[in-house]
Amino acid sequence: MSAARRPPRKDLAAMIVPVGRALVAAELPLLREHGLSMWAYSVLLGLDPEPLRSQAALAEAIGADKTRIIDVLAELEARGLITRTPDPSDRRVRLLALTAEGVRVRDAAQAAIQSREDALLSRHLPPEQAAALLAALSTLSALPAEALGAP
């Protein structure tokens with residue numbers, strides 16, 4: 001006789017990826033209301049009001065190719081949502097920062113998205129499960145990519 005087998009479950013990626021895709025699709029109309037693409041929103045989330053990130057560091061932090069975000073950065077700068085200033089220690093490098101308007105737009109878009117998420121969670125999960133899910137996702141999302149592939 002074989003040992004009792006655990007009931008089968010889906011792999012984590014098989015559960016998370018479809019949920020992630022659905023959440024992204026639900027976010028797109030909210031982002032459009034704020035005049036943002038998903039990449040623009042990702043850029044705004046990756047910046048602070050102080051110029052601390054180079055374009056290359058930002059691209060790495062948000063998982064984008066640095067050439068892919070150049071047009072996004074130009075658009076955000078033209079709209080007055082970010083600034084790009086030369087790095088005093090290396091004039092070839094541009095430091096990025098949010099403007100006050102960039103903070104306002106980012107915060108408004110994030111509030112709309114998180115309000116929709118809160119409604120979703122409250123409709124389908126009891127409060128303790130929603131809190132546990134958010135805590136678990138926060139922990140996992142803070143791990144470096146290499147830790148997610150390690151046994």
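Trainee: How do the residues of the lining of the largest pocket divide into nonpolar, polar and charged?

Mentor: Ala, Val, Leu, Ile, Met, Phe, Trp, Tyr, Cys and Pro count as nonpolar, Asp, Glu, Lys and Arg as charged, and the others, Gly among them, as polar. Here the lining has 16 nonpolar residues, four polar and one charged. The model is predicted, with pLDDT of at least 70 required for local features and 80 or more for side-chain atom pairs, whereas totals for chains, interfaces and linings use all residues. Residues are numbered from 1 along each chain as its sequence is written, and side-chain values use heavy atoms, without hydrogens or water.

Trainee: What volume does the largest pocket have, and which residues lie nearest its centre?

Mentor: A pocket is an open set of points on a 1 Å grid over the protein atoms alone, where a 1.4 Å probe fits, with protein on both sides within 12 Å along at least five of seven lines; lining residues have an atom within 4 Å of a point. Points are joined across faces, edges and corners, and the volume is the space filled by probe spheres set on them. This pocket has about 1,000 Å³. Among its 21 lining residues, Ile16, Val19, Leu23, Leu133 and Leu137 lie nearest the centre. Helix 1 (12-33), helix 5 (100-124) and helix 6 (127-141) each give two or more residues to this lining; helices are DSSP runs (H or I, at least four residues), numbered from the N terminus.

Trainee: Which elements each supply at least two residues of the lining of the second largest pocket?

Mentor: They are helix 1, helix 2 (38-45) and helix 5. This pocket, of about 200 Å³, has five nonpolar, three polar and two charged lining residues, including Glu27, Tyr41 and Gln110.

Trainee: At what angle do the axes of helix 2 and helix 4 cross?

Mentor: Axes are lines fitted to C-alpha atoms over the stretch in contact, with angles from 0 to 180 degrees between N-to-C directions. The axes of helix 2 and helix 4 (residues 70-78) come within 10 Å and cross at roughly 75°. Helix 2 is therefore roughly perpendicular to helix 4 (65 to 115 degrees). By contact (heavy atoms within 4.5 Å), Trp39, Ala40, Val43 and Leu44 of helix 2 meet Val72, Leu73 and Leu76 of helix 4. Seven nonpolar residues form this contact, with no polar and no charged ones.

Technical notes: Parallel < 35°, antiparallel > 145°, perpendicular 65-115°, else oblique.
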